[in-house]
Amino acid sequence: MKPRTISAAQARRIAVAASGLDGALPGERGRTGARTLERTIARLGLLQLDSVNVFERSHYLPLLARLGPYDRASLDRLLHHDHGRGLGRYTEYVAHEAAVLPVTDWPLWRWKREQPYRPSTQRWADDNASLVDDVLAEFAERGPMRPSEMEHPAHERLPGGWWNKSEAYWATSVLFGQGRLVTVGRTRFERRYAAAEAVLPQASLPQLDRADAQRELVRRAAVAFGVATLDDLADYYRLKVADAKAAVAALVEAGELEPVAVEGWGRPAYLHVDARLPRRIRSTALLSPFDPLVWFRPRAERTFGFAYRISIYTPAAERQHGYYVLPVLVDDELVGRVDLKSDRRAGVLRVQHATIEPSSAHRAAELAERLSPALAEAAAWQGLDRIEVTGPGTWAPEVAAGL
């Protein structure tokens, strides 16, 4: 039977609704207590972490986009960031990239913890097996701590910047990948580890084989995306495409995914059986560069016609849209991008660059008025007194006028 066809506009609305952004209207959102934060994290499956805080660290931003100006201290308490010592309800693992995820999801990643490292890392781990064991023993003896607090002789301070870490530090990375050290929170954004056997008894957790775990991960990706290609579904949790393909086939057979054709996509797609198709989307949101709606750049371009680079890794002379570039969602379209900086000393949210998408340029003034409340909300959330457009861009005049 030929798959039914979904229009490009329908696919956009399905994607925005599945991501929980269909109600993202500044000033019109409700309570944002701990339970709301937990439900939103559960809907996304994870929060990707990144250390850049020129505007705000990334893991805070998907919740701002969906919930409005929530209390960041509530999220910190939930994640044990600068709060608590032991394991709470959340930990971290390399799920997509480094990310926060519920402790209850730990069994879903056993297959990854058990697989070999890339050859160079595996050789280092094999050559330094006694050091790795010594470091684990120190965490087991001393309890939760940051790598910087280790007392092992191999943890010597070395010159040379971020990447020139001690041998003992790299041992913690190996132990984290193997699941023998578990993240129990962060202090000043540095991970705080504990020995897994001390805080996460394996006997209390279900044991999932690789196929079952990967099928569940693909199912969650399908729920979060609504409609997606095989590559999209594989990328959500960074699975190999061949593994995701087997999981998709099983979910199609089970009736959870429906093969569909999406206008303009040029490749097979899959619709989750519970995906909603709103008649209309009303939303305005500033998206983290690592928001699930846009984190797989081919999907953002295919679904929204939005070619995107964050630019923090781009040499300054080659940047087109600024440094920390946030996509702007208005209704079911990505209409532009803004480079934001929280100048905390001056009390100013600086719009250092603002660019309108060519397809939206005829609506630049109208869309700037839609953006203005989102910027005001973000500034207030950051504790900043005012907003200033301080840089160039094809949208900068309208954004300044809209403020």
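**Aromatic rings and charges over them**

Mentor: Tyr-169 has 22% relative accessibility, so it counts as partly exposed. That class lies between buried, under 20% relative accessible area, and exposed, over 50% (1.4 Å probe, protein chains only). Trp-170 falls in the partly exposed class too, because its relative accessibility is 28%.

A word on the basis. This is a predicted model, where local features need pLDDT of at least 70, side-chain atom pairs count only at pLDDT 80 or more, and totals for chains, interfaces and linings use all residues. Residues are numbered from 1 along each chain as its sequence is written, and side-chain values use heavy atoms, leaving out hydrogens and water.

Now the pairs. Rings of Phe, Tyr and Trp (for Trp, the six-membered ring) pair if their centres lie within 6.5 Å; planes under 30 degrees apart are stacked, over 60 edge-to-face, and the rest tilted. Searching the whole structure gives 13 aromatic pairs. One of them joins Tyr-169 and Trp-170: edge-to-face, 5.2 Å centre to centre, with 80° between the planes.

There is also an aromatic cluster. It is formed by Tyr-93, Trp-106, Trp-109, Trp-111, Phe-139, Phe-176, Tyr-193, Phe-225, Tyr-236, Tyr-237 and Trp-295.

Last, charges over rings. The test wants NZ of Lys or CZ of Arg within 6 Å of the ring centre and within 35 degrees of the ring normal. Arg-57 sits over the face of Phe-189, 4.2 Å from the ring centre. Arg-302 sits over the face of Trp-265, 5.1 Å from the ring centre.
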